[in-house]
Amino acid sequence: MGKKQITLGITGGVAAYKMIQVASDLTKSNFNVKVVMTKSAAEFVTPLTFEALTGNKVEMELFARDTEIKHIELARETDLLIIAPATANIIGKIAHGLADDLLTTLVLASRCPVLAAPAMNVYMYNKPVVQENIKQLKNLGVEIIEPDSGYLACGDQGTGRLPEPAVLHEYILKALTPASLSGKKILVSAGPTREPLDPVRFISNYSSGKMGYALARNAVYRGAEVTLVSGPIGLTPPAGVKFYAVETAVDMEETIDELAERQDIIIMAAAISDFRPEVREKKKIKKEDRTGLTLSLKSNPDILKKLGKQKGENQKLIGFALETEDAINNARGKLNNKNLDLIIANSVSALNSDLNQVTFISKNELEKLETMDKNELAGKILDRLSRL
Ligand code: CTP
């Protein structure tokens, strides 16, 4: 299969500069990126930048003296069209079916999903006529990416900012992914837990949270209602998840207890500390004249085991098994012991890496996968879920 084509429709707003990053990221993610700019957009950013980044000519002219009819050709080959930033002007034109330049004509000719990200001054954005036009775009089947709030280039504060490139990227991937998990509620746990010793120290592990975040992100792309419960890590939660930040295993247990019953699928990707210090000192432990320190630890709750005991009739429970030896047998033990539908065995080398090599183990099946990027693996795991 050839590369998917994303066409970026860029109109004349200051935020047009953010589309440089979007074009670059999409190209790196192996999409064929075409850019259509309005004349006003070219006042803010130069077409040459996009041509250098995407390797494709930027189209601006409806009546280019060419052998192809530009808007029809573009409409035919585009898998997804995103108009960002979308000015009040282009929104008004599309809402009323006008087609007086290449981009508006392309919108009329297109058969692919169309996204639009309104971005403008807050007072313009709040004008009833603009809001009416946005509503009309939705009626026409255009998916609207809501603007962010904050500092606007004109100096005003309020709603109207174009979301950051990473967020636009996620909307694009979501729009391209079939909604195979639509209507499903999925809870994913991710990251390590921290078990405090005193106000400045804790026991934790090397978990990066990347596997859990990739699962949450991919489940959002597939249309699921996703809740992400995460231990402390520096990753930004994927757009569209309901996010709960927790610190200790006990915090995670309390949060998951509240949420578990209403989930269709629970995936425990978190590396939960099995033990915590018996005593959490209120003051910093001083070295004074000690020659050493012995820590006394007590067991943390096994959240997954508890979930297995109270599992609902149609609920699916997926665990990870982190092993340094005899991975398959140990993982199989956890599958049975914790009453899981699927366990994913991985090795410690996955802990702080972008890559992972796993084996899927269910009651009757065992499937060893090759080493791959955690994002790609997240897709494979969600594919495997549909077989459960
Ligand atoms: N898990 C959990 N609560 C814990 C420990 C682990 O819910 N206190 C979950 C993990 O999120 C994972 C699965 O149980 O999905 C297996 O975790 P793992 O650390 O591999 O195994 P443990 O059950 O902790 O057993 P051991 O450390 O003895 O290998």
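Helices (H or I, at least four residues) and strands (E, at least two) are DSSP runs, numbered from the N terminus. This is a predicted model, where local features need pLDDT of at least 70, side-chain atom pairs count only at pLDDT 80 or more, and totals for chains, interfaces and linings use all residues. Residues are numbered from 1 along each chain as its sequence is written, and side-chain values use heavy atoms, with hydrogens and water left out.

**Exercise 1. Find the loop that holds Asn30, then look at its phi.**

Step 1: Go to the stretch between H1 and strand S2 (32-37); Asn30 sits in that loop.
Step 2: Check the backbone there. Phi of Asn30 is near 75 degrees, which is a positive value in a residue other than glycine.

**Exercise 2. Track down the cis peptide bond at Pro85 and name the strand.**

Step 1: The bond in question links Ala84 to Pro85, with omega at about -10 degrees.
Step 2: Pro85 belongs to strand S3 (residues 80-86).

**Exercise 3. Work out how H1 packs on H9.**

Step 1: Start with the geometry. Helix H1 (residues 18-28) and H9 have axes 9 Å apart, at an angle of about 50 degrees. Axes here are lines fitted to C-alpha atoms, for helices over the stretch in contact, and angles run from 0 to 180 degrees between N-to-C directions.
Step 2: Name the arrangement. H1 and H9 are therefore oblique to each other (under 35 degrees is roughly parallel, over 145 roughly antiparallel, 65 to 115 roughly perpendicular, and the rest oblique).
Step 3: The crossing of H1 and H9 is right-handed, meaning that the near helix is turned clockwise from the far one by less than a right angle.
Step 4: List who touches whom, with contact meaning heavy atoms within 4.5 Å. From H1 come Lys18, Met19, Gln21, Val22, Asp25 and Leu26, and they meet Pro165, Leu168, His169 and Ile172 of H9.
Step 5: Sort them by class: six nonpolar, two polar and two charged residues. Ala, Val, Leu, Ile, Met, Phe, Trp, Tyr, Cys and Pro count as nonpolar, Asp, Glu, Lys and Arg as charged, and the others, Gly among them, as polar.

**Exercise 4. Follow H10 to its contacts with H9 and H14.**

Step 1: Take H9 (residues 165-176) and H10 (residues 210-221). Their axes come within 8 Å and cross at roughly 55 degrees. That makes H9 oblique to H10.
Step 2: Pick out the residues. Glu170, Leu173 and Lys174 of H9 meet Arg217, Val220 and Tyr221 of H10. By class, that's three nonpolar, no polar and three charged residues.
Step 3: Now turn to helix H14 (residues 374-385), which packs on H10 at about 55 degrees with the axes 8 Å apart. This crossing is right-handed. Among the residues in contact are Met211 and Leu215 of H10, and Leu377 and Ile381 of H14.
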